[in-house]
Amino acid sequence: MIASAPPATATTPDTDTILRLSGVSFAYDNVPVLRDVSFSIHARESVCIVGPNGGGKSTLLKLILGLLKPDSGEIELFGCRPKAGRNRIGYMPQMVHFDPMFPISVRDVVLMGKLDCISTGWFSGNHKKLAMEALAELDMADYADRRFSNLSGGQRQRVLIARALVCDPDLLLLDEPTANVDQAVEEDFYATLEKLNDRMAIMLVSHDLGFVSRFVKSVICVNRTVHVHPTADLTGRDIREVYGEDMAAIRHDHRCSSEGHDH
Amino acid sequence: MGDFFQLLSDPHGGIFLRQALVVALAASVAFGIMGTYVVAKRISSLAGAIAHSALGGIGAAHYVQERMSITWIEPLHGALIAALFSAFLIGFVTLYAREREDTIISAIWVTGMSMGLILLKLSGAKSVDMMSYILGDILLVSPSDLWLLLALDAVVVALALIFYSKFVAICFDQEFAELRGVRVRVYYFLMLALVAISIILLMNLVGIVLVIALLVLPAAFAARFANRLHTMMTLSILACMAFVTVGMGVSVPYDIPAGACIAAVAAAAYFIVLVGHSLKRRISRPHVSPKL
C-alpha cells in the first residue's frame, strides 16, 4: 500500500456535488470575462465546456483550479476552497503548453503527478511503480523510457492523461484533449474516457461538438455567461446562442479554426 | 597547449593560473547543472541581466572601499549581493508585474551595468581596470576568494541536486507543479538565486559579458545529445570543463584574454554540433518516415 497517500476522506456517494459555482464573476483589469456563473457537477458525471475563443473557458478552468480568484461569488471544490480541494483533480493542460524540445522521458512526465508526495527532489521506487501502472492503463507502458517530445500527438495526450491519473483524482479535467489528434485516435480516446468515467467525474474543454454529444451527459456553454444543457436537449439554436452564429462548420470539422468567432 | 601545462606546473608563476583552473573546473559543475535549468526553462535573458547587474555591486564595493575606507568589503562580495538582489528583483517582476517581461529585464540589465561603471569611476580607485571585470582576468581570482568560490560552488551543486525533481517540474510545466502542491514561486526564486551565485563563480575569470555564454552554450551543446535532463547536466558539466581548459590553454601562451578564448571555444563547439545535426538530418531525410 502507499504509505504517503493522503488520509482517507469521507466517502462521497454518487450523487454528491463535487464542484459547485454560485454567482461567480471575474474580470481582467475591469474587462469582464465571466458574469454570474452558477452550476454544479456531481461525482462520476461527464461534462464538456464549449464556447468561442475569448469566451472565458480558460478563465473558468483557472478559477476551478484555484489559479485565479473570483471577484465575486463562491467556488466549492470537494467541499473546500479550490486551493485546498485541487489535489483531487487530475489536470491535463493543452498540448501547446509544452516546449517541443524539452529532454524528458515519458516516465518522468508521469511521475510529476506524484510531486505532492515528495519533500525534496527524488521519487521512490513505489512512485515509479504507480507511474508505470498509470501508463499501462493507457497502453503506454512500452513507451516509458522514450523521449516525450518524440511521441505523436495522440501518444503524448495519453501520457498526459496517465500523469493526471497517477494523482488518483476524483475529477479529471482535460483542456482541449482532441486538438492535434486524428480521427482514429479519437475513437480510442472516447473508449478510454468511458472506462475512466466509472471511477471519476470527467470535465473536458473541447471545440469538437460531435465528440462531445457522444460522450458527455451535459454541456456547459461559456461565453461571458454560462448555460448548462443536457446533451440530449442540445439543439442548433442553443449553440447559436453561445457562438452567435452558425456552428455547422465547427460541428463537422473541428480542425476548422474557430477564430472567426471571436467576440 | 604545451606552454600552458608548463606554466601550470611552474611553482611560482603558475599559482594564479592553477587557482583559476581549480575555480573554473569546480564552477563547471555548477554551470553544467544550472545552465541546464536555464536552457530548459528558457531564462537565459534573465541570467544575462543578473550577470550584468553584478557590475553594479562591483562598482559599489570599490566605492565603499575607497571613499568610505571599509576595506574588508571585496568586489566579489559586492558582486554577489548585487547578483542575488537583481535575481530577486527579476523573479519578482516576472512573477507579479504587469510590465512586459523583456522590457523590464533590459532595464535591470542596463541599470546594473551603468551604476557599476559610474561607481567605479567615482570611487577614484586608480588600480581598477574596468575592462578586466567586463572581459575577465585570471589574475583577479585572489587566494582569499578561492575558498569562498569553492564553498558557493558546493552550495549550488547540493541544492540543485536535492531539489532536482521540483526544478525539473517547474521547468517543464510550472502550472501543473503548482497544482500538485509545489511552492513554485519559492523554487523559482531559489533557481534564480543559484543561477546568480553560479555566475559569480566564473565572473572574474570569464568576465561579465561572456559569463552568460558559459552558462548557456555547454547546456545547449549537451541538449543535442541528451534525452533526459540529468544526462544533459552530466554532458554539459564535461563540456564546460573542456571549454574552460581548452580556452585557457589557448589564451595563456598567446596572451589573449582567457574569457574571450573560452567563450569562443564554447560557441565554436555549439555551432559545430548545430551544423552537424542539420547536415545529418538533411542526409538521412529520405529514409525517415514522416512523423505524426
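Two strands count as paired if DSSP finds at least two bridges between them, and the strands themselves are DSSP runs of E, at least two residues, just as helices are runs of H or I, at least four, all numbered from the N terminus.

Hi everyone! This is a predicted model, where local features need pLDDT of at least 70, side-chain atom pairs count only at pLDDT 80 or more, and totals for chains, interfaces and linings use all residues. Residues are numbered from 1 along each chain as its sequence is written, while chains are lettered from A and ligands numbered from 1 in the order in which they are written.

Let's begin with strand β8 of chain A, residues 218-223. Five of its six residues are buried (20 or more other C-beta atoms, placed from the backbone, within 10 Å of their own), so β8(A) is largely enclosed by the rest of the structure. Which way does β3(A) pair with β8(A), parallel or antiparallel? Strand β3, residues 46-50, runs parallel to β8(A), over four bridges, and A:Val50 has A:Cys221 as its bridge partner. With β9(A), residues 225-230, β8(A) is antiparallel over six bridges; here A:Val219 partners A:His229. One residue separates the two strands of that hairpin, and A:Arg224 takes a positive phi near 70°.

Now, the open sheet. Three strands of chain A line up as β2-β1-β4, with antiparallel pairing. Because β2 (31-42) and β4 (72-77) of chain A each have a single partner strand, one side of each is left without a neighbour in the sheet. Eight bridges join β1(A), residues 17-28, to β2(A), and A:Val24 stands opposite A:Val37. Thanks, everyone!

Conventions: Buried ≥ 20, exposed ≤ 12 C-beta atoms within 10 Å, placed from the backbone.
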